[in-house]
Amino acid sequence: MTSTLTPVRKRSALTKGQLPKAAPYIVVAVALVLGAAIMALIGFNAFGWGIVSGILFAAGLVGWSLFVEGARKAKDKLATCLVVGAFLVALLPLFSVIWTVLVNGLPGLLDPGFLSTSMNGVTGAFDNKTVEEGAPLLGGIYHALMGTLLITVLATLISVPVGLLTAIYLVEYGEDRALARAITFFVDVMTGIPSIVAGLFAAAAFFALVGPGTKTGAVAAVALSVLMIPVVVRSSEEMLKIVPNELREAAYALGVRKWRTILKVVLPTAISGIASGITLAIARVIGETAPILVTAGFATTINTNVFSGWMASLPTFIYTQILNPTSPSNPDPSSQRAWGAALVLIIMVMLLNLGARLIARMFAPKTGR
Amino acid sequence: MSKRIDVKDLNVYYSKFLAVEDVNINIDAKSVTAFIGPSGCGKSTFLRTLNRMHEVIPGARVEGEVLLDGDNLYGPGVDPVTVRSQIGMVFQRPNPFPTMSIRDNVLAGVKLNNTKISKGEADVLVERSLQGANLWNEVKDRLGKPGSGLSGGQQQRLCIARAIAVEPQVILMDEPCSALDPISTLAIEDLINELKDQYTVVIVTHNMQQAARVSDKTAFFNIAGTGKPGKLIEFGDTPTIFSNPTEKATEDYVSGRFG
């Protein structure tokens with residue numbers, strides 16, 4: 001009987017040496033202290049402290065692991081450190097941008113009237129007063145906000161039908177014909193068009209068709225649609241392509257006509273992807289500056305008619321406030337307005353991206369029992 | 001509510017490639033006909049020509065005649081949509097519409113064509129079709145749930161319910177059980193036996209026991225080699241094909257000596 005008893009051991013024979021559970025935390029603490037000491041020698045700054053501590057942490061953890069656990073585990077720890085390090089480096093610029101814009105933009109955004117007034121009548125004299133006498137900051141981005149919204153909505157109204165119908169033609173009717181191949185080629189070329197060229201094209205087209213010097217929101221919308229259409233075509237095309245052919249055949253076999261099959265089976269199946277693709281295309285063009293500069297000009301007053309008169313937009317507002325401050329001698333109020341506008345623009349793009357996710361989830365084919 | 005199909009001298013092409021050559025076959029109304037044969041011999045291709053689903057593939061075309069109770073499907077001016085509403089089809093893999101509920105899947109043939117239907121009529125149609133596909137008892141409490149939440153066998157029966165909801169004359173089935181387990185397969189085979197009372201059923205299958213179990217007549221297709229067209233080798237009563245075939249190739253195939 002006693003011969004079958006398992007030997008009593010302290011540690012399983014199947015394991016080697018192991019680091020204590022708290023090992024990473026111990027190494028972090030030591031690395032931070034050591035890093036601070038090293039930085040104190042050569043002059044302290046937070047960024048360098050982080051870098052030095054990170055390197056010390058990786059070296060310390062890998063070295064300790066090599067000593068206790070062996071080479072294989074040490075390599076595993078090294079790889080983990082590298083992957084996490086790369087991840088942090090990739091996130092750094094993103095958070096840095098958001099942080100900078102938040103810090104610089106919030107004072108402007110929280111300024112009363114920033115979202116509800118325009119720059120109409122706000123002159124350098126007011127800004128000088130703000131800086132020198134502490135008078136409240138006047139002027140806001142209402143006109144630019146309206147301009148951006150109107151121009152983008154109009155551009156979307158132009159691009160979505162054109163882009164979606166093109167994608168439907170390519171996927172459902174193209175059948176690799178010469179026309180379909182030509183469209184695919186030119187859409188690819190259009191994706192690479194520099195945005196200023198799109199702006200020049202729209203401006204030149206309206207100069208020729210309507211009259212020289214035609215600069216309105218509508219021209220800007222056309223310029224933006226030139227940039228937007230290829231994105232919409234491409235994303236919708238991909239979404240339509242992944243609709244299984246079996247669904248089309250199932251509909252045909254029920255005696256459903258092709259256009260009804262596309263409208264009621266293919267599009268509903270792909271709609272979540274198409275909708276989020278369109279939203280991302282909007283986010284892509286909403287921050288365009290160059291094409292709006294040459295097509296809609298600048299404005300300091302509210303103009304809600306896209307078909308007449310110059311129009312402001314957030315990107316061009318930022319551009320002019322930085323380049324030509326309202327008060328050349330005291331540019332601070334202008335730069336505060338510009339940062340505020342930048343923050344608003346980033347918030348809009350973020351909301352659009354969130355919206356895209358929400359739309360994708362809302363329209364996604366339902367599963368469940 | 002069922003019609004016979006007569007095929008005369010049918011050649012099926014993919015662009016220039018002759019896929020199936022010179023088929024002559026007469027399929028009786030209210031019968032089950034099985035197509036058997038090795039992979040790539042053109043059974044499915046031929047089946048798809050029987051409701052003009054073949055031409056959905058770019059470059060595909062046919063020569064010859066397919067007569068549905070004497071009317072040529074490929075006659076001038078014949079609308080393939082009319083043909084398909086008379087000859088339904090069930091596919092190899094269950095393909096319920098993922099955006100629709102079970103109820104809407106059954107009503108798809110009606111709703112997608114924008115035919116007006118009252119709620120009462122729709123309820124009757126849904127129940128009758130699901131009863132006809134032996135699925136009613138399993139799904140009657142969750143008609144509003146998505147069709148993609150059903151099991152594979154249930155999905156396939158849902159597709160059959162969808163096909164019979166448009167009240168076709170003929171039902172074509174392209175390996176309807178190849179993606180299913182034995183129990184679901186049995187359920188579908190039972191269903192085919194019941195469908196025979198009302199519809200003409202044509203089924204493609206790789207499973208010879210299945211062909212023997214469900215069909216009245218069996219057609220054996222074969223191919224001489226890669227790149228050669230598939231041909232109808234022998235067509236006759238199922239017991240004859242399986243026990244006493246005329247052709248040597250048929251005997252070899254059904255006895256498992258090749259293919």
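Tutor: Helix 5 (residues 119-132) of chain B packs against helix 7 (residues 152-165) of chain B at an angle of about 125 degrees, with the axes 8 Å apart. This is a predicted model, in which local features need pLDDT of at least 70, side-chain atom pairs count only at pLDDT 80 or more, and totals for chains, interfaces and linings use all residues. Residues are numbered from 1 along each chain as its sequence is written, while chains are lettered from A and ligands numbered from 1 in the order in which they are written.

Student: Why is helix 5 of chain B called oblique to helix 7 of chain B?

Tutor: Angles under 35 degrees count as roughly parallel, over 145 as roughly antiparallel, 65 to 115 as roughly perpendicular and the rest as oblique. The angle here is about 125 degrees, so helix 5 of chain B is oblique to helix 7 of chain B.

Student: Which residues make the contact between helix 5 of chain B and helix 7 of chain B?

Tutor: B:Leu125, B:Ser129, B:Leu130 and B:Gly132 come from helix 5 of chain B, and B:Ala161, B:Ile164 and B:Ala165 from helix 7 of chain B. Contact requires C-beta atoms, placed from the backbone, within 7 Å. By class, these residues are 5 nonpolar, 2 polar and no charged.

Student: What makes a set of residues a nonpolar core?

Tutor: Its members are buried Ala, Val, Leu, Ile, Met, Phe, Trp, Tyr and Cys residues joined through C-beta atoms within 7 Å. Buried means that 20 or more other C-beta atoms lie within 10 Å of a residue's own (exposed is 12 or fewer, partly exposed in between). The largest such core has 143 residues, and A:Ala341 and B:Ile171 touch the most other members. Helix 8 (residues 217-241) of chain A gives the most to this core, with 16 residues.

Student: Which residues does A:Ala341 contact, leaving aside neighbours within four places in sequence?

Tutor: A:Ala341 is in contact with A:Ile141, A:Ala144, A:Leu314, A:Phe317 and A:Ile318.

Notes:
Helices (H or I, at least four residues) and strands (E, at least two) are DSSP runs, numbered from the N terminus. Two residues are in contact if their C-beta atoms, placed from the backbone, lie within 7 Å. Axes are lines fitted to C-alpha atoms, for helices over the stretch in contact, and angles run from 0 to 180 degrees between N-to-C directions. Ala, Val, Leu, Ile, Met, Phe, Trp, Tyr, Cys and Pro count as nonpolar, Asp, Glu, Lys and Arg as charged, and the others, Gly among them, as polar.
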